[in-house]
Structure formats: C-alpha cells, structure tokens
Amino acid sequence: MLLTVTTFAEPGGWPATDLGFLLHKNPARVQSFEVSAGAAHVFYPVATQARCTAALLLEVDQVGLVRGSRGQVPEGFSLGQYVNDRPYAASSLLAVALARVFRTAMSGRCDARPELAAAAIPLQVHVPVLPCRGGAQLAAELFEPLGWQVSAEPIPLDETVPAWGDSRYVDLRLNGELRLADALSHLYVLLPVLDDAKHYWVSPDEVDKLIRAGGGWLAWHHARDLITRRYLAHRSGLFKSAIARLAEVDDTEPESFDNAIPVPGAEPEAEPRVPLARLRRMAVLDELHAAGASRVADLGCGEGALAAELLEDKTFAEVIAADVSSRALEVTERRLRLDRLPERQQARLKLIQTSLTYRDQRLAGLDALVLVEVIEHIDPPRLSAVERNVFGAGAATVIVTTPNAEYNESYEFLPAGAMRHRDHRFEWTRAEFAAWAARVAAEHGYEYRIAAVGASDLRLGSPTQLAVFTVLERTSQ
Amino acid sequence: MTTVDVPELCLVVLVGISGSGKSTFAARHFARTEVISSDFCRGLVADDENDQAATADAFDVLNYIAGKRLAASRLTVIDATNIQPAARKPLVALAREHDVLPVAIVLDVPERVCLERNRARTDRQFGAQVISRQHDQLRRGLRGLEKEGFRRVHVLRSADDIDSVPVVRTKLFNDLRDRTGPFDAIGDVHGCLDELKALLSLLGYELRHDGEGRAVGARHPQGRTAVFLGDLVDRGPDTPGVLRLAMGMVRDGDALAVPGNHESKLLRALRGRKVQVSHGLAESLEQLAGQDAEFRADVGSFIDGLVSHYVLDGGKLVVAHAGLTEKLQGRASGRVRSFCLYGETTGETDEFGLPVRYPWAADYRGRAMVLYGHTPVPVPEWVNGTLCLDTGCVFGGKLTALRYPERELAAVPAARVYYQPARPFPVNAAAAAGRRDPDLLDLTDVTGKRVLQTGYLSRVTVNEENAAAALEVMSRFAIDPRWLIYLPPTMSPVATSAEPGLLEHPAQAFGAFAADGVTSVVCEEKHMGSRAVALVCRDPQVALARFGAPGGATGAVWTRTGRPFFPPALTEDFLGRLRAAATRAGLFDELDSGWLLFDAELLPWSAKAEELLRSQYASVGAAAARALPAAVGALEQAAGSGLEVAGLLAKTRSRAANAEAFCAAYRRYCWPVDGLAGLRFAPFQLLASEGANHAARRHDWHLALADRLADADLELIARTGRIYADPADSASVAAATAWWERLTGEGGEGMVVKPAASLVQGKRGPVQPGLKVRGREYLRIIYGPDYTEQENLDRLRSRSLGHKRSLALREYALGLESLDRVAAAEPLWRIHECVFAVLALESEPVDPRL
C-alpha cells in the first residue's frame, strides 16, 4: 500500500526538497524500516527544487502476520484474516506505520527547519486505494473541516463485471496549505476511521493512541462521534468465535451468522429503538403483573434489557433469561453483573442457552413465557415446532410481541416493502398476526387478546403488536 | 433352607443383629462392589466406622450410592443391621423408586453366638443388653417383613444354615432376552376370533382345531413366535374362542402374551371381586358363562400367570400392552405393572370423558424397539422406535401385526363394527396423518458434551462449546430437521508437496493411499461451486408420508451448514427438474424408492457466495489492481532519478502480476445466474434411498448413476470428470498426474482422490474417504495472491494437517452413521443427533485454508 505526500516550493522561497528535513528522511536515499505489519519503505519519486514527493510504501507480510510472533499459525483464525485487502489498501496498518516512520515529523519538531515545521505549507496527499465506508462523500466530510480540498474518486469493484458497480475504495487526493505535522495526524487518525474495517492487528492501546493523536482537533470536529464510535465498534478480539467459523464453512461472512447482538454503531438504527423498546418492556411488565405471574422466562432475551427489569421487580421470584445465542448470553451476563449480585438475587435468575425449535424441560411449568420480538426471526416453516414447544410447556400465560408490518410505511428510512431488520424472516400485518394468534390459541388450549404498543396511527396501527395468551381451564381429574 | 433365590436385579437387604455374620455372608455370596455397608459409609463421612453420631449422614451416602447402582441396573446389597422397621422403610422405598424388587435375607442367629462373637471383637463392644434388645426387635419385626413391602424374605435360622446355604441368582420373569424370535406381534384382539384366525393364517401360521372344530393352537412352519400384546378379551363377539386359541399357542410355546387392562379387570371379575361391569366386560362374562367351569379356571390361571412385559432379543425388543418407558424396562414393581397395563395419564380427561394419555413415546429415547397396543390408532406409526399396533379391530378397524425383525406390517380388516367406541374412531387415515405433529426433538438430544457411537469410529466426541455454536446455527438458519438427514463431512487436502512453486501435488495423494494398501483410486474433478445436498421425493405424497413434508415442499437442497440453498419457490423449480431427470434416468424405479439423496456441487460458486466473492475476493482484486501499479509507477520514477530501488521494483512488479492472476482465479467462479438458468448441478454420490445407505458403495456405481442423471438433463446436470488409477503403478500415477496438470493448467480447481471402493477400513478405523489436490492458481484464492513468492511458499509449507484429517474422519463416520439410521428408519432424534454433531465439529478451530 502506498501513500505519497508532495509539496511545492514557492518561487523564491525554500526549496521543496526541504520536505526531507521536515520528515527527517533524506530525499537522496531509500530507507527501509521494520514495522509490526512487515516492511515500510520511504523514498522520493520526485525531489526537485520546485516539487518534492515522499512516498511511504508498506509491504504487509500476510503470512508472517497470521503466523504470529512465534511462527505458529494459531488455530481459529479466519480466512478473512488471510486473504484480505490489507496489503493494498490504506488502513490502520498504514496509520501505524506512518506514526512509526514519521514519529518526529508528526510531533512537529524539526531542529533544522523549525520555522518551516511551524508553517502551513502547500501539500498534496495521494492515497491510491482508501477503503471508505460511507462513500466518497464521507471522506470529504471528514477532511474538509480540517482545511483540505478533497477529491475522492470511487474505484470499480471489477471492471470485467460492471454490474457489481463500485468497490468500497476510493482514490483519495487531498490538497491544502497545512502544517505537515497536522497533515500527518489527520491521516493517522482518519484513514482507519474511513476504512471502518476490522482492525485485525490493532491492540486496544493502539486504538487509544489513535484517539489521543487527534487531541488537537478531534474535540471540535463535527464528526467526532462518528470517529470515536467507529473505533470502538472494532475493538473485538482477534479470533473468530466458533459460530463465525461455521459461517466460513458455508462461504458467508462471519457477521451473517454471528449477528444476534447488534454491533454498536455498525448499522443505522432502523427505528427509534430506545423509546419503542422501552414501551414494549413496560407493556410486557404490565401484562405480567396483570396475569399475576411470578416465575417467568424471557425467551430470546437478547442483551437482557427485559431480564434486568424483571430482576429489579420483586414480584418475579424466578427469572429465566434464555437465548439461542451464546454471545447474547455473555452480554446479558455482563450487563446484569451476574457474578457480583448478592446470592439471593443470583438465585432468582437463571441464564440458559436454549432453542425454541427444541423442547426444553427447564421451561416447563412456569407461570409465564415471554417472546419479545422473537418470532419474526424464525423461518416460517420452523414456526410450528416453536409453537409446539412454547405453548406445550404448560405456562399459564404466554406473551408475544412482533412488528406491525403496516406501520413500516411511516418509517421514512425504510424502502417500501423492506423489513425493519436484516434478520427478520417475516413481518406481519395486524390481520396476519391476529389470524396466527387465533390459530395457535385454538390448537393449544389458550385464549388470547391482542394489544398495541407504541404511538398509534389511525390507518397504520402502532409499531408493535402484542398478544397475551391465557391458558384455558382444563378438565382435571 | 435349601437355597436363597435372589433376582438378578434387586435390592438385597441383610437383616441381622450385631455379630450375626452379615458382612461375612455378604462377602461370600456377592461381589465386593455389590455390597454397601453402613459401617463403611460411617467411615467415609466421619473417619470412624463406629461413630454412631454419623449414622444419619452415613445413611444418606449409602442411599445415594445404592440409588446410583440401581439406576444403572446393578444388584445391590445393603449390609446394616436393619432390625427396626423404621430402618428398613427407606430401603423399601429406594427399591420402589428404582422399580426393583426388595429382598430381605434375615440372619437370625442365636443370641448366645452373637454375644461370643461380639466379645471377640476389639474394635467395638456392645453390652449383652444391647445384643439382647436387638434380638428382641429382630424377632418382633420378622413376621411383618412381607407387609413392609419385601417381595421375598429368606430367614436363615442357624449358623450352619448361614454358612452353607447357596445363594442363587434367578432371572426376572420379564427377562426373555435369550428369545431372539423371529416374532409376530399382534395388536388388541378384543374377542375378534375370525379376524385373529385370518391374521394368523396371513402370517403363515397353521391353525390346529379340536374335535369340536375350535381353534386351539397355531404353529408357524418356520418356528416364528406370535406375541399377543394384551386385551385379547372384551367387547368382541368371541372372547372365549380367542382365549382358547391364544392360551393354546402360549401353552405349546408358539406364542407369548402380555396382559392388558381388560384381562386384569376380567380376572378380578372372575375371582368375584367387585368391578364396574362396563367397556365390554359384560360381553366377556356372558360369553364365558356359557363355557365350562374348567375353562373358566384355566382362563383365570392363564391371566394370573401373565408377566407385565417382556424384554426380548438381547434387549432389542420390548413388548407391553400400553408401552413402557426405558427406565421401567426389565424392572419389576407395582409401577411397572401399572404402566404396562394402563400407560400414563396426565390426570386430565378429554371431551368424551376419557383420560388424556401422556404421550410417553414422544419422549422415548431408549434403544429397544417397543411394540404395544392399548390406544386405537388408524394406522400404526413409528414414534421414536415405538409402534402401537392397536388398529381398532373391534371398532371396525383392522387387526394388525408386525413381523420382527423384518418390520413389516400385516393386517386384516374387521368384518364389521363390533362395538361403538366412546371416542369416535378415526377411520380416515389420511386425515389423521395430516394432523401429525412434527417429531419432537429435545434440547438434551443435542446439547452439552456428547459422545456418539458410530458403526465406523467407536467414539466421536462433541464438545459443549461446539454444540452451543451448532445450536444457534441449526436453530436460526438451518432447514427443518426432518429434511436435514445428512451433512457432508469436511475433506483434508493432501500432505504438502515439496515441488517447486507448488503446495499441493497428486503424488502425496497416491502415496498416502498406497501406504494404506488401497489398490485402486478414483480421481474426481473438483467442481468450482458450492457443496450441496439435495433430497428429492418422487411426489408430494412421498414427501408427506416419509418426511412430513415440512413447509409443504417435495424435498430440499441445503448447504454445508444446513441452510436452504434457494428460496422456497426456486427450490421447488430445482427439485422439479431433478425429479424429472431422475425419473427419466429410471432411478426411482431401479432403487425402488420414493426419494433420493444426492451429494453434489452446485455451480457457479457465485450463485451462493456472491456476497462473499464481492466483499472479499473482488475487493482484494480491486485494491491490488490499483495499489500495485501506483507503487510500481512511484518506484519507476524513483529509479529514473537514480535511486537504488531495483529490488523493490522487481518485487512489486511480481506482486502486481500475482494480483492479476488472483483476479483471474476468482473470476472463473462467477457467472450470471437467473433462476435455474446458468445453474449447474454436479452430483457425485447418491447417498441414500429408501431403506439403503449407498454411501459406502463403490464410486463407479455412484458415477455411473450420476452420468445417467446428467444424460437426462444436459442443461442442468453436469458430469464429473474422472480417471481411475493404481497408486502403486507408476505409469498409472503418471497418467493421473498429467490429467491433474491439464485440469489445473486450464484453470480448474483441482481434483479429489478417493479409494475406488469408497469405504476402506484401515488398521484404526476407515482410511481417509478422499484427499483433495488443489491447483496452483486456485490456491491463490485461499492463501493469498502472493503465496507463490518463494519466501511465502517456504513458510506456508509447514502446515499441520493432523487436526483436519481427524476431523474429516470423525465427520465421515458421523455422516455414514446418520445414513445408516435413515436407512433403518430410526427415530428422527437419532438421525438429528449425528447431523448436529457434524455441524458442531465443523465449528472446531482448524486452519481454514486446509
């Protein structure tokens, strides 16, 4: 991967080759450095009085990187770590190399040309391949406020397959009059932000360093939130979870399987999430109280928001938070600080991995089972098994919520006919939900009532629909 | 006393005062591990075998150990004084809890002997008063032992007796494991003599008649044994006739019989007990009144002698009137008898006022086949290896038998409706089948650490965290488990080649198979697509009857993790084409099967993995195609101005060429597909059809079928190129190597080398079922564009294949096992267990480039 910085001499001013002093790298020589990702080379394709271009060429050693320091291939790395764009595209690896090779220049120190280091000079930066999630426009939005003129030209994904359109890369050119130290710091911080990819080899302290480097200007940058969020979003571990490996077996991206928990900041919010989610929880709690339930299971507990509220409410003597995703359960465990709860509190809560397509005896005979925004994640052909396991578990009350598809029309960000979440297998109209509830109730000996959750629209109904199923008295001997 | 009989499985409670010689007696007649003594348990919890303060804790431990042993069907002896009824009570309860017989052996030694023995002991001294009091208590309790619940009581009254009496272990009455059949199990007859005679004739039995022309016996010329599943009597027209025939057959050794609830009630009525005369008992009593007293007495003793259930054929078959859970099989208790006669009810009644039965069969996970009756069903249906054979003959249905071990049904229709049932008997079988619940899978069938036994590798272990990952994928993404009867195993590459510029070469494959003693291999072209398994049914009726037709489909096409390949409508289009081709090729008829299961590759790769191709491979290509020429340009400029960059420039140019080769490699996997247009299906194995696992058949058989399929639909179905080779013959190896070179030289992915015989047993389990030899250019997609650079190749050659190979074998064994279970029509959970395990193993961390 390549990055060039060019400066131009003003007529009668300092020679452009003084860039060598500012960078502390002699234009007449080719210098090579060992960096964690491989080898970095600094050379000057052009070094004249009028114009001087410094090039940083980073040769990423993919084979060495995966092998790790001891030359061993760790088990459990993902194929994506091996065949990826890191050797070619400007990413956190380039940023790290930049900081390593031009450390002094970035600090603004130049004993040979102190006044030049302090001055804004004409600069041209070229990054031939910059991964730019959010489109070329975002590059402009991030660099322009810092004093750059930005040109970001999209690169086609494969010119032999025009239908595939543009890749996620742009050819980035920056022009401006800035202090060289500032220019380097902009690149150091913003290249990985635009890349917004998994920083496979970035350790957490490197992330902290990146944020610190933007100390001078990050505070007032209007996109500060986006910048920090994108860093935090990728602080995940190096190695893939077992489930992500299964995605790989099936030629799909790890995220397509391991997506039970949304990555913070990774996706635009599909709905005003917090308020509606809270309204749903309040509605569910009200219904549980009304039903007099004390032993309750939250099936598909996700990140455990409802479980946390159930636990806070002494009405509920036994709370089971269940999910099919181990990751969801980990998040819930952390959120509830399970290990630090007093023993008596702990005894009220059980976190279990379960699947609604299998019968689970641990869920038998509870007062209430709650499925908040769960059924729409189940493939329709598998619903019958779920119905049997949920309604066959003998709970007195079953509460089910699901989106009202009709209401989607009022979400401006949703294209017509689209669903609210990528993993939704269906979204039902009010009539469809009512028909389902009626059938399930009849088949399993329950009666049911449907309620609306969230702001109600005369024509479209409310965003969430809720059904409360109450078991019918059975003839007992 | 001549002998002390104890059942092979029971709880023996020794009763005797201190010094009566219990421990000596126990040591003489039972294995050391069979005896649990209270003293020993006292020692365990208190470091002192005589610490009476620890008695309560000691008995907790004793009960716990005894419970574990009994649960595992092991005879257990309790060595404690047990002289007070209060001490014996929990032991009787323990025996009942585990449905084994409690047996008391009382050592009633004269007080004087005990006193002497006590005085000789150094560790413990009881006073004479204590001994005397114990002796009194023992004597007082003796007569009540039977009442306390002991089913056998042996009292040994002298030291001589105790020293000399032999202890004999006897088989339980229900233990007929040495009877291997073949059997014909017959459902509820209910006095339908004509139908019974007709059924026996249909089954090949020759009826024997007495002087009055009454059937009094039947014998099968091949020595088969009929098994009556209870409820011979009541409701029907000729209960005495049925009894006469059945009793004759049992007496002659031509039949076995277990009692039904109707026999039980009839017996009570015959013995003059007060019973409610309903449910057809009236007819029986009336008909029997017309028989002589001797016959009625015979009937009484016949019913009285019936054993609740039988365990047959080495434990593989259990017969009981109302079925029997695994826990109760081969055991003896009131609870066992009651379950056998009446089944289990939920305590509720249905709209007809009849008890709601607990569906025990849905939960059944036992290995024994259970045949039973009791609950009339329109058609017998296998549920987890259990089958109800009561097809409501007396209600106008049929009288049905199952031939064992053939698993074939035989039935005769009722001549008429003899009795109106309280609950309408559904005669419309189709309507009943349509309402069938999907087979119930329990979480405990798949989760946690599991060890599976397969017929190919004895123990395959699945770790808990891998099962957890599989649970999520199986639940959220996979198709219905009723379709998902198989997942393909992973395959190992060949050992690494040392050839210049190559990581993989055929030589290592031939070498490996030659070393395993394989004399013939087939090299199959590796298609450039995605692995796909396709299950196609001949018609919707087969799909419904055999698989329950989840989703209303007529088959399924799935990926390596069990996800559907296409959306439902396209799946049906695809299955339609495949069905038509298979029909034209005559495969359904030839294999006499309503369904076929194919292992195949679906092309192009982009049809399934376009998202991945774009986001990963094409992106790498796009980035490289821009970045490297830019770097070359900058270096050329620098070279032009005299800088020393020649080495770097040459290397960067080489990398630019690698990047182009990389793009060319992935582009071969992409072509546009619209619906079925552009799609190619390349089957290479016909894994299974009804009743048969073909996976272990020779590959030429599979490939010949695949060719015929391809001929039947040249547009959709692709042939698999192949060449056979003898790995020990150099000319043959050279030809196959040249074939691989040509294939990969033209951009092909490579080949898979398999033993031509398919399944080949090596010294420790099967040899690898296949080794892949991938082409140089294809491996760029796997190892990165620059893997061919010398410094990279040198490092990449040190790759370890051990885990991958072991994984490939374990998954192969599981795959074969699941197909065996499909072929044997085993319960869904047994098949799903294997399929799930393959998915779980796939989540083990293995170098993904292998």
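Predicted model: local features only at pLDDT ≥ 70, side-chain atom pairs only at ≥ 80, totals over all residues.
View 1. Chain B carries 29 helices and 35 strands. Its radius of gyration is 36 Å, well over the 29 Å that the globule rule gives for 850 residues, so chain B is more spread out than a compact globule. Along the principal axes, the C-alpha atoms of chain B fill a box of roughly 120 × 80 × 55 Å. Of the 850 residues, 50% count as buried. Where contacts in chain B join residues at least 6 apart in sequence, 72% of them link residues at least 24 apart.

View 2. For chain B the assignment gives domain 1 (4–170), domain 2 (175–421), domain 3 (444–493 + 801–850), domain 4 (496–526 + 722–792), domain 5 (528–604 + 679–719) and domain 6 (606–667).

**View 3. Contact between domain 3 and domain 5 of chain B.** Taken over C-alpha atoms, the centres of domain 3 and domain 5 of chain B are separated by 21 Å. Domain 3 of chain B puts 19 residues into the contact, and domain 5 of chain B puts in 23 residues. On the domain 3 side, helix 17 and helix 28 (802–823) of chain B each supply at least two residues. Helix 28 of chain B gives the most to that side, with five residues. By class, the domain 3 side has 16 nonpolar, no polar and three charged residues.

**View 4. The side of chain B that touches chain A.** In this contact, 70 residues of chain B meet 71 residues of chain A. The elements of chain B that give two or more residues to its side are strand 16 (345–349), helix 17 (464–476), helix 22 (605–640), helix 23 (646–667), helix 27 (790–796) and helix 29 (828–842). Helix 22 of chain B gives the most, with 22 residues. The side of chain B that touches chain A has 34 nonpolar, 17 polar and 19 charged residues.

**View 5. The largest nonpolar core and another core apart from it.** The largest nonpolar core holds 221 residues, and those that touch the most other members are A:A97, A:L98, A:V129, A:L130 and B:A627. Helix 22 of chain B gives the most to this core, with 19 residues. Leaving out residues up to four places away in sequence, A:A97 touches A:V35, A:A37, A:A40, A:L56 and A:L58. Another core, of 112 residues, lies apart from the largest one; B:V103, B:V189, B:V227 and B:A257 are among its members.

**View 6. An open sheet of five strands in chain B.** The strands follow the order 8-14-15-18-19, and their pairing is mixed. Strand 8 (175–176) and strand 19 (386–388) of chain B are the edge strands, each pairing on one side only. Within the sheet, strand 14 (residues 309–312) and strand 15 (residues 317–320) of chain B pair in the antiparallel sense over four bridges. B:V318, in strand 15 of chain B, is the bridge partner of B:V311.

Definitions and conventions
Residues numbered from 1 in each chain as written. Chains lettered and ligands numbered in written order. Contact = placed C-beta atoms within 7 Å. Nonpolar A, V, L, I, M, F, W, Y, C, P; charged D, E, K, R; others polar. Rg over C-alpha atoms; globule rule 2.2 N^0.38 Å. Buried ≥ 20, exposed ≤ 12 C-beta atoms within 10 Å, placed from the backbone. Domains from an automatic or database assignment. Pairing = 2+ DSSP bridges. Core = buried A, V, L, I, M, F, W, Y, C linked by C-beta atoms within 7 Å.
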